[in-house]
Amino acid sequence: MEVKTIDKGYYDVVVVGGGIAGVSASVSASRLGAKVLLIEKQINLGGLATGGLISWYEPLCNGKGEQIIGGIAEELIKLSVKYSYDSLPKAYGGTDKSFPRTDRYGDRYATKFSPCVFSLALDEFVISNGVDVLFDTYATYPVTENNSVVGVIVENIDGRCLFHTQKIIDATGNALIMQRAGVPCRTGKNYMTYLVHSIDEEVIKEYNNDKCAWKLRKWEAVGADRLGKGQPQGMGTFENPTASEVTDFITEGKRRMLEKLKARDRYSYEVMSIPTIPQLRTIRQIVGDADFNGITDETYTDSIGKVSDFRAGKEGSVYQIPKGALYNSQFKGLYAAGRIISAPTHDGWEVSRVIPVCAFTGETAGKLAVLGANN
Ligand SMILES: Cc1cc2nc3c(=O)[nH]c(=O)nc-3n(C[C@H](O)[C@H](O)[C@H](O)COP(=O)(O)OP(=O)(O)OC[C@H]3O[C@@H](n4cnc5c(N)ncnc54)[C@H](O)[C@@H]3O)c2cc1C
C-alpha cells in the first residue's frame with residue numbers, strides 16, 4: 001500500500017516538542033516576526049516540567065542573591081505561578097504564602113508550581129504570542145537535501161503530512177529529529193524513577209495549618225537512587241533505551257507504585273496525577289560545534305549568556321554557554337534546544353537540563369533560527 005503524504009504548506013520555523021525548551025523557542029522566534037509552528041505529540045505543553053510532574057522550577061539566581069537568568073525563563077517562572085500557588089520568596093515577587101518554608105533552597109529565585117495550571121497557562125502564552133500549535137502530532141523525520149533542512153514529516157489524525165521549512169528546532173528532549181537527520185549524538189544513563197502526586201489526610205492537615213495549596217500535592221516516587229541502588233534486577237541503567245526498554249522503565253515504575261499503594265487503606269488517599277511522559281533525565285544529546293562543560297571559568301567568544309547551578313553546594317557557580325552547543329554546522333537549518341544541547345560532561349548535562357536553562361537555550365535557539373545562524 002502506498003502511503004500518501006499530504007502537503008501542509010510552509011513555516012519559517014518548525015519547533016518539534018512542546019516542553020519548556022520548545023515553548024520558549026517558538027515564542028522567541030515568533031516575537032522576531034517568524035511564522036512558527038509548534039508540534040507536540042501529546043495534548044499538553046510543558047513536557048517533563050508539567051506532564052512529568054516535576055513542578056519545581058530550579059533557580060534563576062546563583063544562590064547568593066544575584067539573579068543570573070532573565071528573558072523568557074523569567075517570564076515562565078512568573079507564568080508558572082500566575083494563576084495558582086507559589087513558593088517564591090517575597091524578594092522575588094512571591095506571596096510568602098508558603099512560609100514556614102520547608103524546601104531545601106531557602107530564599108532562591110525558585111518555586112513550586114501547579115503542573116496542571118501551568119500547562120493550561122502555557123497554551124495561553126504560546127497562542128497569544130502568535131505561534132501555531134499542533135497537538136497530538138508526532139514529528140517523525142526531517143526532510144533534508146544536501147544536509148540542509150527543507151521540511152519535516154509528521155503523523156496525526158490527518159495522515160502523513162509534510163511541512164515545508166528551512167529551520168527546525170529540535171526540542172524533543174531526546175534529539176529525535178537531529179539524530180534522524182544524521183547529527184552525531186551522545187547518550188546518557190538513567191535510573192528508575194516513577195513519580196506521582198497524591199493527597200491524603202496527613203497533607204490535608206498540613207494544608208489546614210497554613211492554607212498553602214502546594215502542600216496538597218504530595219510527591220511520591222519509587223525507583224532507584226542516584227547510584228542506581230534499587231534498580232530492578234536484570235535492568236540496566238537505561239542508556240540509549242529501545243522502545244521496549246522505555247516500556248520496561250514505565251511498567252516497572254507503575255508496578256512498584258501500585259505495590260506501594262496496595263499496602264494502604266484504599267479509602268485514605270487519592271493519586272491526583274500520574275506522569276504522561278517517561279521520567280528519563282538524560283536520553284540523548286547532540287554533538288555540537290562547541291561543548292558546554294559546566295566549568296565556571298570556561299569562557300567562549302560565541303557565548304550566548306550565563307546560567308547558574310541549581311545544585312546544593314554549588315551556590316555562586318555561574319557558567320557561560322557557547323552558541324555552538326546548539327547546533328552542528330554540518331547540518332544546516334537544525335537547532336537543538338533544552339536538555340539535548342551539546343554538554344558532554346556530567347556537570348554540563350546536569351546544569352543544562354533543568355527548567356530555567358532549557359528555557360534559556362530554547363529562547364536562544366529561536367533567535368538563532370530566525371537570524372539564520374548555521375544556515
Ligand atoms: C525525575 C526528574 C526530576 C527532575 N527534577 C527537576 C526539578 O526539580 N527542577 C527542574 O528545573 N528540572 C528538573 N528536571 C529536569 C527538567 O524537568 C527537564 O529536563 C526539562 O523540563 C526538559 O525540558 P525540555 O523542553 O528540554 O524537554 P521535555 O520536557 O522532554 O519536552 C520535550 C517535549 O517534546 C515532545 N516530543 C518528543 N518527541 C516528539 C516528536 N517526535 N514529535 C512531537 N513532540 C515530541 C514531548 O512530548 C515533550 O512534550 C527533572 C527531570 C526528571 C526526569
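This is a predicted model: local features need pLDDT of at least 70, side-chain atom pairs count only at pLDDT 80 or more; totals for chains, interfaces and linings use all residues.
Trainee: How many residues does domain 1 give to the contact with domain 2?
Mentor: The domain assignment gives domain 1 as 5–186 + 284–371 and domain 2 as 193–273. Their centres, taken over C-alpha atoms, are 26 Å apart. On the domain 1 side, the contact splits into 3 nonpolar, 2 polar and 2 charged residues. Domain 2 gives 7 residues, and the number from domain 1 is 7.

Trainee: Which element gives the most residues to the shell around the ligand?
Mentor: The ligand has 36 residues around it, and G17, G19, G47, G173 and G338 come nearest. By class, the shell has 18 nonpolar, 12 polar and 6 charged residues. At least two residues each come from α1 (20–31), β4 (56–57), β7 (138–145), β12 (193–200) and α8. The top contributor, with 3 residues, is α1.

Trainee: Is α2 parallel or oblique to α8?
Mentor: α2 covers residues 71–80 and α8 covers residues 355–371. Their axes lie 7 Å apart, at an angle of about 135°. Angles over 145 degrees would count as roughly antiparallel. At about 135°, therefore, α2 is oblique to α8.

Trainee: What is the handedness of the crossing of α2 and α8?
Mentor: From α2, the contact uses G71, I72, A73 and L76. From α8, P356, A359, F360 and E363 take part. These residues divide into 6 nonpolar, 1 polar and 1 charged. The crossing of α2 and α8 is right-handed.

Key
Residues are numbered from 1 along each chain as its sequence is written. Axes are lines fitted to C-alpha atoms, for helices over the stretch in contact, and angles run from 0 to 180 degrees between N-to-C directions. Helices (H or I, at least four residues) and strands (E, at least two) are DSSP runs, numbered from the N terminus. Angles under 35 degrees count as roughly parallel, over 145 as roughly antiparallel, 65 to 115 as roughly perpendicular and the rest as oblique. A crossing is left-handed if the near helix is turned anticlockwise from the far one by less than a right angle, and right-handed if clockwise. Two residues are in contact if their C-beta atoms, placed from the backbone, lie within 7 Å. Ala, Val, Leu, Ile, Met, Phe, Trp, Tyr, Cys and Pro count as nonpolar, Asp, Glu, Lys and Arg as charged, and the others, Gly among them, as polar. A residue is near a molecule or strand if its C-beta atom, placed from the backbone, lies within 6 Å of it. Domain bounds come from an automatic or database domain assignment.
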